[in-house]
Amino acid sequence: MEQLELLQRAVPLLLEWYRVSRRTLPWRGTHDPYKIWVSEIMLQQTRVETVKDYYLRFLQRFPTAQALAAAEEGEVLKAWEGLGYYSRARNLHRAAKIIAAEGFPATYEGVRALPGVGDYTAGAICSIAYERPCPAVDGNVLRILTRLLADDTNIDLLGTKEKFSSLLRAVYPQEAGEFCQALMELGALVCLPGGEPQCLVCPWRELCLARLRGEWERYPVRAEKRARKSEEHVVLVLRFEGEYALLKREGKGLLSGLWQFPFAERAPETYGKILKSKRAVHIFTHVEWHMTGFLVEAKEKFSQYTWASAAEIGEKYALPSAFKAFRSWLE
Ligand code: SF4
């Protein structure tokens, strides 16, 4: 069977399954492009379970693009605290200013041109908010399609997403929003990465070539992964008269513009009396931080740092989750 024919047969089965099996999620059931956009940006690199609360809180605080545009960047970053990949929050804020002035873009090209919006996100927003046949192809969608079609295309190659986008465009049903979400849902609930896909409950079990050939493990075909870089850091939680030292990360690199507990430039005991220590690891996409943290009663209020109480840190300073392990020391 040709790929297109197989996909055409798979579409109604998927929609039928989705209507019965979909999860109730806070961003479902709306056609408001602002809300869909916020949810899609949050979901780009963060798990559904984590996003739920953030999404509700974020919309409560910034219910419209106008409200978001009017906020200070620090406030937006604070609302994003713990979600990671903070460039998403900055782009959201920049884009909100454009939307507040010009309205939410009504075309795929317009949505795609917003800061922080790539092909996938633009496709998802246009499918879900506007019911347009705009495929949203990410790693999940590539996994389920390469399995369904037993397609050996290396999914890390440039052009692979476009190939599958073209295939999807040709079979997009009228219920564009449901179809887009159904593809994501199948990847999230049934055709899982690694491990065992749940073929027995999959709506495509009678069609899926990878399953019929007993070869689902082969898909998706990928290029070798580059190893992550590993870095060692000594983290100082310096306390002086109820306040803690913070440092703003400069430059354009990882976590830039956010606050952190300083990294030690010399032996921790030279800053004051060590009270506690512990190890922690934080894994970013391309780097791992292996950290040894020290809680130190500082011998002076070192002037190179910004000092803040635990309450102020909770309210005002966006402290990435990389430092979460050491936050429990704040009183
Ligand atoms: S039958 Fe199995 S391998 Fe094929 S799409 Fe469904 S869950 Fe994935």
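**Before selecting anything**

This is a predicted model, in which local features need pLDDT of at least 70 and side-chain atom pairs count only at pLDDT 80 or more, while totals for chains, interfaces and linings use all residues. Residues are numbered from 1 along each chain as its sequence is written, and side-chain values use heavy atoms, with hydrogens and water left out.

**Stop 1: the whole chain**

Display the chain as a cartoon. It contains 14 helices and six strands; these are DSSP runs numbered from the N terminus, helices being H or I with at least four residues and strands E with at least two. Along the principal axes, the C-alpha atoms fill a box of roughly 75 × 45 × 35 Å.

Of the 331 residues, 50% count as buried. Buried means under 20% relative accessible area, exposed means over 50%, and partly exposed lies in between, using a 1.4 Å probe and protein chains only. Contact means heavy atoms within 4.5 Å. Among the contacts with a separation of 6 or more, 68% are between residues 24 or more positions apart.

**Stop 2: helices α2 and α6**

Select residues 33-43 for α2 and residues 87-102 for α6. How far apart are the axes of α2 and α6, and at what angle do these helices pack? The axes are 10 Å apart, and the angle is about 160°. Axes here are lines fitted to C-alpha atoms, for helices over the stretch in contact, and angles run from 0 to 180 degrees between N-to-C directions. The two helices are therefore roughly antiparallel to each other. Angles over 145 degrees count as roughly antiparallel, under 35 as roughly parallel, 65 to 115 as roughly perpendicular and the rest as oblique.

Now show the side chains at the contact. From α2, Trp37, Ile41, Met42 and Leu43 meet Arg88, Leu92, Ala95, Ala96 and Ile99 of α6. These residues divide into eight nonpolar, no polar and one charged. In this grouping, Ala, Val, Leu, Ile, Met, Phe, Trp, Tyr, Cys and Pro count as nonpolar, Asp, Glu, Lys and Arg as charged, and the others, Gly among them, as polar.

Remain on α2 and select Ser39, which lies in this helix. Is Ser39 buried or exposed? Ser39 counts as buried, at 1% relative accessibility. Apart from its neighbours within four places in sequence, Ser39 is in contact with Trp27 and Tyr55.

**Stop 3: helices α3 and α5**

Select residues 48-61 (α3) and residues 73-80 (α5), whose axes come within 10 Å and cross at roughly 155°. That makes α3 roughly antiparallel to α5. At this contact, Tyr54, Phe58 and Arg61 of α3 meet Glu75, Val76, Ala79 and Trp80 of α5. The division here is five nonpolar, no polar and two charged.

**Stop 4: backbone details in loops**

Select Tyr85, found in the loop between α5 and α6. Its phi is near 45°, a positive value in a residue other than glycine. Tyr85 counts as partly exposed, at 36% relative accessibility.

Next, select Glu241 in the loop between β1 and β2 (243-248). Phi of Glu241 is also positive, near 45°, and this residue is exposed, with a relative accessible area of 70%.

Then select Tyr219 and Pro220. Which kind of peptide bond joins Tyr219 and Pro220? The bond is cis, with omega about -5°. Pro220 is placed in the loop between α12 (209-212) and β1 (229-240).

**Stop 5**

Gln8 is partly exposed, with a relative accessible area of 43%.

**Stop 6: the cysteines**

How many disulfides does a search of the whole structure find? The search finds zero, a disulfide being a pair of cysteine sulfur atoms within 2.5 Å. For Cys180, the nearest cysteine sulfur is that of Cys134, 9.2 Å away. Cys180 is buried, with a relative accessible area of 2%. Finally, select Cys199, which counts as buried at 18% relative accessibility.
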